[in-house]
Amino acid sequence: MTESFDAVVVGAGPAGSAAATVLAGSGRAVLLLEKDVFPRHKVCGEFLSPDALPSLDRLGARAEIESATAERMTRGALHLPGGRAVRFELPRPALGISRLRLDDLLAKRASGAGADVRFGARVVGAWPHDSGFRVRFVFRQEEESEVHTRAVIGAWGRWDALDRAFERRFLSRRSRFFGWSRDYAPEAAFLQGEVRLYVFGGGYCGLSRVEGGAINLAGIVSENVRARAGRGWEALLTRARRGNRALDADLSKLSPGPIGFLGTGPVFFTAKPPTEDGILMAGDAAGVLDPFSGEGQAAALASGILAAETAERHLSGELSREECARAYSAAWRRRFAKRFAWSAAFRRLILNRVIGSVAGRLAGPRLVRFAITATRR
C-alpha cells in the first residue's frame with residue numbers, strides 16, 4: 001500500500017529539519033527523507049550567527065543548541081593576501097558548533113515534534129500528481145518506494161542529482177567553486193572568541209573553534225585554481241598557505257585532527273528559483289550564500305521555517321498548490337534576494353587581489369561592518 005503524508009521534506013539539514021519541525025508541530029503528517037545517516041561530518045564554516053537565534057526560538061531548540069557548545073565568537077579578522085589584517089567586532093556573539101552536532105540535534109527536534117525521519121533515503125524523483133505530488137526514493141539501498149503527499153519542500157543542499165532531474169538553470173553557470181574543510185586538534189587559547197578569514201588567489205578560508213575547543217578550517221576555491229593546485233586537498237592548502245602568510249603562520253601552530261580533509265562540489269554561489277514544479281525550495285537548494293557572510297546557516301533555518309509556514313497555508317486550504325508556490329517565491333525574494341546580491345558583490349571584491357587590497361587599506365573595518373550588515377538584510 002502506498003503511504004500518504006501531508007508533507008514530504010527532502011533533506012534533514014538545518015532548513016529541512018526546521019521545516020519538518022514546524023509542520024509536524026502544527027499536527028501535520030510529515031515525512032523527512034535524508035540520504036545520509038546522522039550524525040555525520042559535513043563541509044561547512046560551522047559558524048552560527050546570532051541571526052539564527054529567532055529561528056531556534058521558533059523551533060524550541062535554542063537552549064539545547066546553546067548548551068551544546070561553550071564557544072562564543074565576538075570578534076574577527078580578515079587577512080588579505082598582502083599581509084594587512086582588517087579587524088572587526090561582531091554585532092552580537094556567534095556560536096561555534098559543528099554540523100555533526102547541530103544537524104543531529106535539529107533532526108532529533110523534528111523527530112520529537114512528530115516527523116517520520118528516515119535516514120539513508122535517497123530521493124530519485126518528485127513530480128506533481130493530481131492535487132498533490134508523488135515522491136519516489138530508495139531507502140537503505142533497497143527497492144524504490146513511492147509516497148503521495150500534498151506538499152513537498154526541497155532542502156537537499158548545495159547540489160543533488162535532483163537538480164539535474166529538474167534541469168535547474170543554475171547548473172549552466174560557468175562560475176563554479178569547490179568547498180573543503182579540515183579539522184585541527186583543540187588548542188587552549190588560540191582563536192578563543194575569534195573567527196579569522198584569509199583571502200588567497202582564487203579563494204578564501206576561515207578558522208574558528210567549535211565545541212570542545214576543536215578548530216575547523218573551511219574554505220572555497222574556484223574550479224580553475226583547484227585544477228592548477230595539483231591533486232588532492234593537501235596540495236590546494238599548500239597553495240593557499242603560500243598565498244597568505246597569516247594563514248601559513250596560524251596553521252603552523254596547529255596539529256591535524258582525526259577527521260582529515262572533506263571536500264564538496266560543485267558549489268554555485270547564486271540565488272536559485274525558490275520553486276520548481278510547485279516544490280518549495282529551502283536552504284542551499286534555494287541559493288547558496290558566500291560563507292564569508294557567516295549567514296548561511298541562519299538563512300537556511302529561516303527559509304525552512306518560511307517554506308513550512310507557506311506550505312501550512314496550502315494544507316489548511318487557504319492557498320491552492322499554484323498559489324502556494326507563487327506566495328513562497330514572492331516571500332523568499334523579499335526576504336533573501338538582497339542578501340544574495342550583496343554577497344555576490346563582496347565576493348567579486350575580495351577575490352580581486354588588487355581591488356580587494358585597495359578597498360581593505362582604504363575602508364578597512366568600515367567595509368567589513370558594511371558587508372556584515374548588507375548580507376543580513
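## Strands around E9

Two strands are said to pair if DSSP finds at least two bridges between them. Helices (H or I, at least four residues) and strands (E, at least two) are DSSP runs, numbered from the N terminus. The structure described here is a predicted model, in which local features need pLDDT of at least 70 and side-chain atom pairs count only at pLDDT 80 or more, while totals for chains, interfaces and linings use all residues. Residues are numbered from 1 along each chain as its sequence is written, and side-chain values use heavy atoms, with hydrogens and water left out.

Strand E8 (residues 132–139) and E9 run antiparallel and are joined by six bridges. Within this pairing, Val 138 stands opposite Glu 144 of E9. The two strands E8 and E9 form a hairpin with four residues between them, and Arg 140 in the turn has a positive phi of about 55°. Strand E1 (residues 3–10) also pairs with E9; the two run parallel, with seven bridges. Here Val 8 faces Val 152 of E9. A further parallel pairing, of two bridges, connects E9 to strand E16 (residues 279–281). In that pairing, Gly 154 is opposite Met 281 of E16.

## The largest cavity

The following search uses a 1 Å grid over the protein atoms alone: a cavity is a set of points where a 1.4 Å probe fits but cannot get out, and lining residues have an atom within 4 Å of a point. Grid points are joined across faces, edges and corners, and a volume is the space filled by probe spheres set on the points. Across the whole structure, two cavities of 30 Å³ or more are found.

The largest cavity has a volume of about 80 Å³. Its lining includes Gly 283, Asp 284, Trp 332, Phe 336 and Phe 340. Helix H9 (296–315) and helix H10 (321–351) each contribute at least two residues to this lining, and H9 provides the largest share, four residues. For the classes of residue, Ala, Val, Leu, Ile, Met, Phe, Trp, Tyr, Cys and Pro count as nonpolar, Asp, Glu, Lys and Arg as charged, and the others, Gly among them, as polar. On this basis, the lining of the largest cavity has six nonpolar, four polar and one charged residues.

## The second largest cavity

The second largest cavity holds about 40 Å³ of space. Phe 133, Arg 150, Ala 151, Val 152, Gly 278, Leu 280, His 314, Arg 321 and Cys 324 line this cavity. Strand E9 (144–154) and H10 are the elements that give two or more residues to its lining. E9 gives the most, with three residues. Val 152, which stands opposite Val 8 in the strand pairing, is among the lining residues. By class, the lining of the second largest cavity divides into five nonpolar, two polar and two charged residues.

## Aromatic rings

A pair of aromatic rings is described by the distance of the centres and the angle of the planes. Rings of Phe, Tyr and Trp (its six-membered ring) pair if their centres lie within 6.5 Å; planes under 30 degrees apart count as stacked, over 60 as edge-to-face and the rest as tilted. The whole structure contains seven aromatic pairs. One of them is the tilted pair of Phe 38 and Phe 119, with 4.9 Å centre to centre and 35° between the planes. Phe 38 lies in the loop between strand E2 (30–34) and strand E3 (47–48), and Phe 119 in strand E6 (residues 116–119), so the pair ties together parts that are 81 residues apart in sequence.

Are these two residues buried or partly exposed? Buried means under 20% relative accessible area, exposed over 50%, and partly exposed in between (1.4 Å probe, protein chains only). Phe 38 is buried, at 9% relative accessible area, whereas Phe 119 is partly exposed, at 23%. Elsewhere, ring pairs link Trp 180, Phe 200 and Trp 233 into a cluster.

## A charge over two rings

A charge sits over a ring if NZ of Lys or CZ of Arg is within 6 Å of the ring centre and within 35 degrees of the ring normal. Arg 182 lies over the face of Tyr 184, at 5.6 Å from the ring centre. The charged end of Arg 182 also sits over the ring of Phe 261, 5.3 Å from its centre.

Notes: On a 1 Å grid over the protein atoms alone, a cavity is a set of points where a 1.4 Å probe fits but cannot get out, and a pocket is an open set with protein on both sides within 12 Å along at least five of seven lines; lining residues have an atom within 4 Å of a point.
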